[in-house]
Each structure stands twice: as structure tokens, then as C-alpha cells.
Amino acid sequence: MMGPECMSCKDPADADQNNDNDNADADAVKESCETLYESAGKCEAGLSGTVAYPNNYACNFMQGIKIVRKNGAIIRGAGAQNTTASIFIGLFACSFVLMGGYVYYLKTKLDRAKINLSE
């Protein structure tokens with residue numbers, strides 16, 4: 001598991017600082033950070049003038065997430081209740097209770113109806 005501490009994405013200037021031979025490219029960003037950024041979901045819809053090929057694949061996903069910040073905590077917004085789902089949950093709960101009661105009734109009826117045939 002990863003800890004909450006941040007990792008630097010800047011390439012070390014010195015070749016002795018275990019930079020995995022990544023000093024050959026022209027940028028000053030570690031290769032692992034480049035790969036992570038390239039595979040991340042992005043919504044670059046408003047950056048058409050600055051980005052050559054804007055990536056808009058994650059725009060719908062990001063618009064669907066409702067995040068509310070209260071006192072520094074990230075809380076997902078509460079969705080509206082679905083009445084159809086609530087009705088089905090109530091029906092299944094009632095059916096479960098009624099079926100359990102009927103099974104108990106049949107079990108006690110069978111226990112009372114035992115007849116000893118050996119006598």
C-alpha cells in the first residue's frame with residue numbers, strides 16, 4: 001500500500017541519484033510520472049488552443065461525480081431516493097419475514113404430527 005506522502009516527479013539532476021537512466025529525454029519529469037499522467041482520465045475540453053490533441057474521454061465521468069467539501073473533508077453528495085427501489089426493498093423484506101413465519105409454522109406442525117408407529 002502507498003502512504004499519504006507525496007512523491008517528487010522531477011528528475012534528479014545528478015546521475016548518481018538513482019534516476020533509472022531517465023536523463024536522456026529533454027524534459028525534467030520522471031518516466032513513471034509521465035506514464036501515470038498519460039494513462040489518467042482527463043477532461044481537456046477547454047484547452048483546445050493549448051493542447052494539440054485534447055483528451056475528453058473522462059468528461060462525462062467527472063461531471064457525474066458530485067463532491068462537496070465541508071470542513072476540508074470530501075463527501076459524496078447524497079443522491080435522490082428512488083421510490084421504485086424503496087418499494088421493492090419493502091416487498092422483499094415483507095416476503096422474507098412472511099416466508100420465515102410460514103416455514104416456522106410448517107416445522108411446528110410437523111413436530112406435532114409425529115406419530116410413533118412402533119406402538
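**Disulfides, charges and elements**

Me: Is the disulfide of Cys9 and Cys33 left-handed or right-handed, and why?

Reply: In this predicted model, a disulfide joins Cys9 to Cys33, with an S to S distance of 2.0 Å; the term stands for a pair of cysteine sulfur atoms within 2.5 Å. The torsion about their S-S bond is about -80°, so the disulfide is left-handed.

Me: How many residues apart in sequence are the parts that the pair of Cys9 and Cys33 ties together? For reference, residues are numbered from 1 along each chain as its sequence is written, and side-chain values use heavy atoms, with hydrogens and water left out. In this predicted model, local features need pLDDT of at least 70 and side-chain atom pairs count only at pLDDT 80 or more, whereas totals for chains, interfaces and linings use all residues.

Reply: A disulfide joins Cys9 to Cys33. Cys9 lies in the segment before helix 1 (31–39) and Cys33 in helix 1, so the parts tied together by this pair are apart in sequence by 24 residues. Helices (H or I, at least four residues) and strands (E, at least two) are DSSP runs, numbered from the N terminus; helix 1 is the element that holds Cys33, and the separation is 24 residues.

Me: Is Cys33 buried or exposed?

Reply: Buried means under 20% relative accessible area, exposed over 50%, and partly exposed in between (1.4 Å probe, protein chains only). Cys9, at 34%, is partly exposed. Cys33 has a relative accessibility of 9%, so this residue counts as buried.

Me: How many residues apart in sequence are the parts tied together by Cys43 and Cys59?

Reply: The sulfur atoms of Cys43 and Cys59 are 2.1 Å apart and form a disulfide. With 100° about the S-S bond, this link is right-handed. Cys43 is placed in the loop between helix 1 and helix 2 (59–64), and Cys59 in helix 2, so the pair connects parts whose separation in sequence is 16 residues.

Me: Which cysteine sulfur is nearest to Cys6?

Reply: When the bonded cysteines are numbered in sequence order, the pairing is 1-2, 3-4. Cys6 is in no disulfide, and at 9.5 Å the nearest cysteine sulfur is that of Cys9.

Me: Which residue forms a salt bridge with Lys107?

Reply: Side chains of opposite charge can pair when their charged atoms come close. The whole structure holds 1 salt bridge. With the closest N and O atoms 2.9 Å apart, the partner of Lys107 is Asp111.

Me: In what order do the elements of the protein run from the N terminus on?

Reply: The protein has 3 helices and 2 strands. From the N terminus on, their order is α-α-β-β-α.

Key
Salt bridge = Lys/Arg side-chain N within 4 Å of Asp/Glu carboxyl O.
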